[in-house]
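Please keep the sequence and the model in view while going through the points.

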Amino acid sequence: MELDLRYRGEDDEDARYGRLSGRDLGIESRNLQGRYGVQGRYGLSIEYDQRPRFYGHDLRGPHWQPDKDRLVLPDGGRTEDLDDWSRTWDLSTERRRLSVGGQRHLDEDWKVSAAFSREEKEGNRPLGYGTWWQPSAVQLPASVNHRTDQFDLTADYANSELQAQFGYHLSQFSQLEGDHFEFDDPFSVPGFERWQDASAQKVSQPPDNSYHRLHASVAYQLQRATRFHAQVDLGRAQQDERYINDPGFADELADLSRSLGGQIDTTRISLRGTHRFTPRFQVRGGYRYEDHDNGTSVEEVGDYISRVHSWTKHAFDVDGDIRLPGRNNLLLGYEFSEIDREHADDKTYNYAVNARLRSQVTDDLSGSLYTRILARSGANYSGPGLSDNIQATRLYHLADLTRWEVGTVVSYSVAPELALGAEITLAEEDYSESELGLLASKINSYTLTFDYFPAEVFSGYAFVTLEDREREQGGEQRALDQEERTWTIGAGANSVLTEEQRLTLGLELAYMDSGTDIKVSPDSGGAGYPSLNVTMTQLKLSSDYEVSDALTVGFTYFVQRFSEDDWSRVAPGLDGGLIYLGGDERNYTAHMGIASVSYRF
Amino acid sequence: MSKHLMNRWRNSSLLLPLALVGVLVSGPVQIGAVAAEEEPAGVDVEALIDEVRAISPVIAERRMQDLRIHIERVEETAHAVASDPRTPAGRAKEGEQFCYACHGQDFEHFFNVGDDISTSQANEVCMECHRGGERMHWYGGAHEFQDMACIDCHNAHSNNKRLLRAEDQLTLCSNCHQERRVDFHRPHHHPVREGQIECTDCHNPHGEMGRAQLRSGGVNETCYQCHAEYRGPFLWEHQPVREDCTLCHNPHGSVHPGMLEARTAQVCQSCHLTSTAHPGDLLTRHPGGSQGEFMLRGQSCLNCHSQVHGSNHPGGALFQR
């Protein structure tokens with residue numbers, strides 16, 4: 001269901017406007033927006049937005065929930081009789097956000113604006129808890145209940161030479177159900193004994209935190225062909241909640257102070273200059289400084305040391321835009337960055353060059369060809385280890401890397417009414433010095449488009465895209481190759497019918513088919529990994545009829561067919577040491593109809 | 001009639017409609033752009049058509065209906081509000097056509113970039129009024145530096161929100177960013193196709209100083225706008241999570257749950273490989289031990305390590321609680 005009310009009143013003094021629009025998709029997804037103002041003087045806005053996320057219906061688990069932050073097992077239940085002692089769960093979360101805002105034009109050059117929003121997210125989501133010794137694990141219907149408040153205050157200035165913006169942003173995250181939730185651990189009871197003897201465990205919920213950001217931007221035209229831009233951004237994230245008071249970790253708590261006193265200061269400074277030397281040659285140069293200073297104290301807790309991560313980045317870039325004879329442009333660029341991480345044995349250096357040729361070959365044929373090559377001189381992780389498992393490999397975001405990308409985009413007007421397009425992107429990453437972990441990845445994408453618009457009363461389009469992704473990973477005894485192939489096909493048309501052009505019909509069709517194969521070699525010892533297949537087909541039909549100059553009625557019908565074969569989804573119950581909640585087999589057909597009425601007063 | 005002039009009118013009235021005098025992102029302009037009831041004051045559509053007829057009688061006759069709609073549409077936009085002195089209509093002198101404010105006196109050009117106007121000149125028309133706010137870093141930004149024109153995305157004669165050339169941002173942006181359109185057709189994606197999020201919630205196409213034209217300075221700060229629970233700081237931090245969410249996630253969409261770049265097991269084992277008999281290790285052969293089956297089901301590694309974004313539990317060093 002959609003609502004759209006618009007108002008406009010204009011006289012010699014001012015132009016008032018108003019709008020109230022909303023949409024209810026009928027699946028707990030709703031949006032309502034209202035705006036009112038006087039153009040060029042002030043504006044006010046209010047918006048309510050509600051969004052669901054569904055994790056699964058009719059899932060089954062042994063836990064019950066007497067209150068939001070506690071999950072208990074039924075007395076008398078046993079893991080052996082799990083099916084008899086499970087209940088059904090519908091897991092979903094919902095976001096609800098209310099935001100209000102306003103802006104005021106102080107004079108021709110100054111404008112101030114303020115906005116506030118409150119978003120609450122509530123529901124349950126699946127969350128795993130387990131230990132690796134047996135192994136054993138249980139999926140829990142964990143509660144979600146938190147709030148995020150955001151406030152923005154901005155002042156804008158603009159004249160013909162100087163533009164500036166100053167702003168403050170506050171984000172406050174609040175946990176509404178306490179800092180943890182508690183649950184009975186069915187595996188705390190030896191064997192398949194009664195759950196009434198199960199001990200309780202605590203899992204942390206995200207703690208309250210706040211973020212303050214001050215930002216200032218300036219753009220100045222030094223002379224007709226020269227511009228200068230600068231931006232300063234100062235952020236501070238803080239978290240000082242008490243640690244989870246878990247009696248099972250009394251020794252660890254004894255090693256800690258009362259609360260974390262965590263603080264991360266972020267500083268970003270960006271400078272950029274552009275100068276057009278001649279009508280055919282323009283240069284851009286920039287420098288960015290980025291510092292993340294994690295001031296949280298390092299804690300030694302039992303066998304572990306907390307990993308307080310800070311880093312500093314410097315980046316320089318310079319680009320040239322050369323207008324070649326005819327309608328051709330050549331862009332050449334170079335970028336260098338240096339990142340100094342606290343937990344790396346060396347700085348990492350990135351060197352990148354890129355080039356793009358844009359060309360209007362003829363009136364009907366245009367396109368561009370581009371390439372980018374990046375080389376990274378990497379480093380090794382040097383911070384505290386969790387165990388032995390990250391020392392053996394070069395972490396891929398730190399490791400030596402060669403990345404190249406080549407692409408082309410072509411558009412050809414076969415006739416004034418018919419255009420064909422093609423886009424090809426080939427990208428490859430090679431972690432040349434890595435022997436374990438991520439070794440290489442590749443993305444190849446091919447797209448063809450077709451646009452047809454013989455008259456203003458008719459237009460049509462179609463596209464087809466094939467994307468191939470490959471990923472190579474190495475282990476000590478095995479290697480893994482993942483191949484992912486996705487076809488996406490779309491088509492649509494709009495047509496205005498009847499002589500008076502009162503009836504408009506629209507059609508959109510989309511089809512996606514994705515298959516992912518994971519091969520582990522040598523033989524995975526019986527573990528088979530069938531293809532992951534996802535297929536989605538959707539059709540949208542829409543119509544609008546102009547009953548009179550003032551009244552328009554419309555109807556839209558939408559249908560989506562979705563199916564998925566996924567080996568990670570298992571039935572609820574105990575399987576190989578893990579108690580699963582199960583998962584919806586995502587195989588459905590959804591229909592939706594939207595009727596609309598529009599009246600102009 | 002020369003082919004050139006015919007093209008001018010074909011493009012200006014249908015394919016590449018007339019120019020934009022920018023776009024204000026704030027509410028008033030969106031609203032102002034949608035409705036007008038009265039016959040616009042100070043603009044005589046028939047007189048304008050006569051003027052076009054004088055330039056191109058054949059086109060004017062052949063495309064009279066299109067031309068009339070085209071001219072009338074701009075009257076429904078915020079640019080035609082005469083009581084706002086900032087607009088072309090507000091700046092026009094008594095009895096003067098405000099079309100000239102953008103098209104030049106006596107229709108010097110029709111925004112056919114490369115034919116009757118250059119990209120820079122076309123953009124200057126818009127930037128004369130719209131160089132502040134979100135557009136202050138337009139010059140030298142990714143789109144401007146690649147010689148894009150305002151009218152590549154906007155159309156002052158459009159009746160779409162923000163005067164876009166397409167009905168929604170995804171349709172518009174994916175004209176060039178084809179792969180993004182594909183990403184949003186994946187089963188796990190941000191609800192952009194559903195209309196609940198727009199490209200501009202994260203990106204500023206008019207130019208930013210940082211990476212990928214992100215609005216909030218950096219990748220993680222952008223994500224925390226909606227996912228503030230992961231902001232921390234935490235007692236137990238996960239280095240790549242703290243550094244860049246896109247090291248593991250594809251924010252546009254993926255065939256893998258959680259919008260991960262690959263299945264959870266593969267993502268984790270891009271860094272974490274054990275030499276011990278860890279039951280989840282897919283890539284290490286353990287005599288008599290698990291062959292990784294345990295971690296491929298349910299939530300994979302997250303079956304046990306559910307707090308990979310950070311934990312405040314004193315026993316959360318391995319992100320299990």
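1. The model is a predicted one. The size of an interface is often expressed in this way, as the accessible area lost when the parts come together.

2. In terms of residues, 129 from chain B are in contact with 188 from chain A.

3. Polar interactions also cross this interface. There are 56 residue pairs in polar contact between chain B and chain A, both residues being at pLDDT 80 or more. Between the two chains, six salt bridges are counted. A:Arg323 and B:Asp147 form a salt bridge, in which the closest N and O atoms are 3.1 Å apart.

4. Which elements supply the side of chain B that touches chain A? Those giving two or more residues include α1 (3–15), α5 (64–74) and α9 (142–145) of chain B. The largest share, five residues, comes from α2(B). By class, this side of chain B has 48 nonpolar, 51 polar and 30 charged residues.

5. Chain A contains an open sheet of four strands in the order β5-β6-β11-β12, with mixed pairing. Its edge strands are β5 (64–67) and β12 (200–204) of chain A, each of which pairs on one side only. On average, neighbouring strands of this sheet are turned by 25° against each other, direction ignored.

6. Within that sheet, β11 (residues 180–184) of chain A pairs with β12(A) in the antiparallel sense over five bridges. A:Asp184 stands opposite A:Ala200, a residue in β12(A).

Note on methods: Residues are numbered from 1 along each chain as its sequence is written. Chains are lettered from A and ligands numbered from 1 in the order in which they are written. This is a predicted model: local features need pLDDT of at least 70, side-chain atom pairs count only at pLDDT 80 or more; totals for chains, interfaces and linings use all residues. Side-chain values use heavy atoms; hydrogens and water are left out. Contact means heavy atoms within 4.5 Å. A salt bridge is a side-chain nitrogen of Lys or Arg within 4 Å of a carboxyl oxygen of Asp or Glu. A polar contact is a pair of N or O atoms within 3.5 Å; within protein, one must be able to donate a hydrogen and the other to accept it, and residues adjacent in sequence count only if both atoms are side-chain atoms. Ala, Val, Leu, Ile, Met, Phe, Trp, Tyr, Cys and Pro count as nonpolar, Asp, Glu, Lys and Arg as charged, and the others, Gly among them, as polar. Two strands pair if DSSP finds at least two bridges between them. Axes are lines fitted to C-alpha atoms, for helices over the stretch in contact, and angles run from 0 to 180 degrees between N-to-C directions.
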